Amino acid sequence: MPEAAGGPRTLTIVRQEDSLGAAGDLDFAIELLQRVKTGAVGPMLRLYRPVPTVAFGQRDTHLPGFEAAAQACRELGFEPLVRKAGGRAAAYHQGTLVIDHLEPERDAIAGAKGRFSFFGELLARALRGAGVDAAVGEIPGEYCPGEFSVHGQDPEFPQHQVKLVGTAQRVVAGGWLFSSVIVVENSAPIRAVLEASYAALGLDWDPATAGAVNDLVPHLDVDAIEAAVIETYARYAQLSYGAFAGLRG
């Protein structure tokens, strides 16, 4: 993998062992971005497993079925939230890995689209390193569609592709937050809550595109994918480890 523009860099990996709650996890990412851009904390990767959440996009809230969709999420054990980023509803739970990558940058807006491409390929490479046939690109009918989604291909049925990683980005003056969600285990509840919420919203999609890494490679789990991501990130930056408690103190 080519090194990112700007030459060698360092990143501190911080593992968050316990969720702060659906809203708390998202809010803390924004708090960290403000601290990173001022230099209060350094560039980092925050890794955690979220509680069951459906993150709706701003456009979803304007649809007549939004309240029904939110209620359907609650009934299925997922907390509905509205994220500030664009896109449509995306679901995640403890069988997913969230990666919040934060760095300071003077002109953060200039590289926004390039980051989607670069880090989409970085994550696809990590999945390939773990044995998943993964690539970057939107697949027909996927939920929360995006040009730089990462999808996987079923080794037994190559025509069957599933979305495995969704990415989002927040850019402020002086820094950026690139957030990725990898669906690794237990895809059935995610598929069920997306079917219910998209039906309420009146949005068309193909439920067969909602899957998980271990639907394609059964022996893989979140720990294995986290290790593969860290190994791949080590080609991008010099890595060190920090304590999450230090960020909360």
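Predicted model: local features only at pLDDT ≥ 70, side-chain atom pairs only at ≥ 80, totals over all residues.
**View 1. Asp 100 and the residues around it.**
Asp 100 is part of strand S6, which covers residues 96–105. Its relative accessible area is 2%, and because buried means under 20%, Asp 100 counts as buried. The side chain of Asp 100 makes a polar contact of 2.7 Å with the side chain of Ser 179. Leaving aside residues up to four places away in sequence, Asp 100 touches Ala 29, Met 44, Leu 45, Arg 46, Tyr 48, Leu 177, Phe 178 and Ser 179.

**View 2**
Strand S1, residues 10–16, pairs with S2 in the parallel sense, over 5 bridges. At one place in this pairing, Val 14 stands opposite Arg 46.

**View 3. The largest cavity.**
Rolling a probe the size of a water molecule over the atoms shows where empty space is left. The count gives 1 cavity of 30 Å³ or more. The largest cavity holds about 30 Å³ of space. Its lining consists of Ala 22, Asp 25, Leu 26, Tyr 48, Pro 50, Thr 53 and Tyr 92. Helix H1, residues 22–38, gives the most to this lining, with 3 residues. Sorted by class, the lining of the largest cavity has 5 nonpolar, 1 polar and 1 charged residues.

**View 4. The largest pocket.**
The volume of the largest pocket is about 910 Å³. The pocket is lined by 39 residues, and those closest to its centre are Arg 83, Ala 85, Thr 167, Ala 168 and Ser 179. Ser 179 is also the partner of Asp 100 in the polar contact of 2.7 Å. At least two lining residues come from each of H1, strand S4 (79–82), strand S5 (90–92), S6, strand S9 (161–172) and strand S10 (174–183). S9 supplies the largest share, 8 residues. By class, the lining of the largest pocket divides into 24 nonpolar, 8 polar and 7 charged residues.

Conventions. Residues numbered from 1 in each chain as written. Heavy atoms only, no water. Helix = DSSP H or I, 4+ residues; strand = E, 2+ residues; numbered from the N terminus. Buried < 20%, exposed > 50% of the residue type's maximum accessible area, 1.4 Å probe, protein only. Polar contact = N/O pair within 3.5 Å; in protein donor to acceptor, adjacent residues only side chain to side chain. Contact = heavy atoms within 4.5 Å. 1 Å grid on protein atoms, 1.4 Å probe; cavity = no way out; pocket = protein on both sides within 12 Å on 5 of 7 lines; lining within 4 Å. Points joined across faces, edges and corners; volume = space filled by probe spheres on them. Nonpolar A, V, L, I, M, F, W, Y, C, P; charged D, E, K, R; others polar. Pairing = 2+ DSSP bridges.
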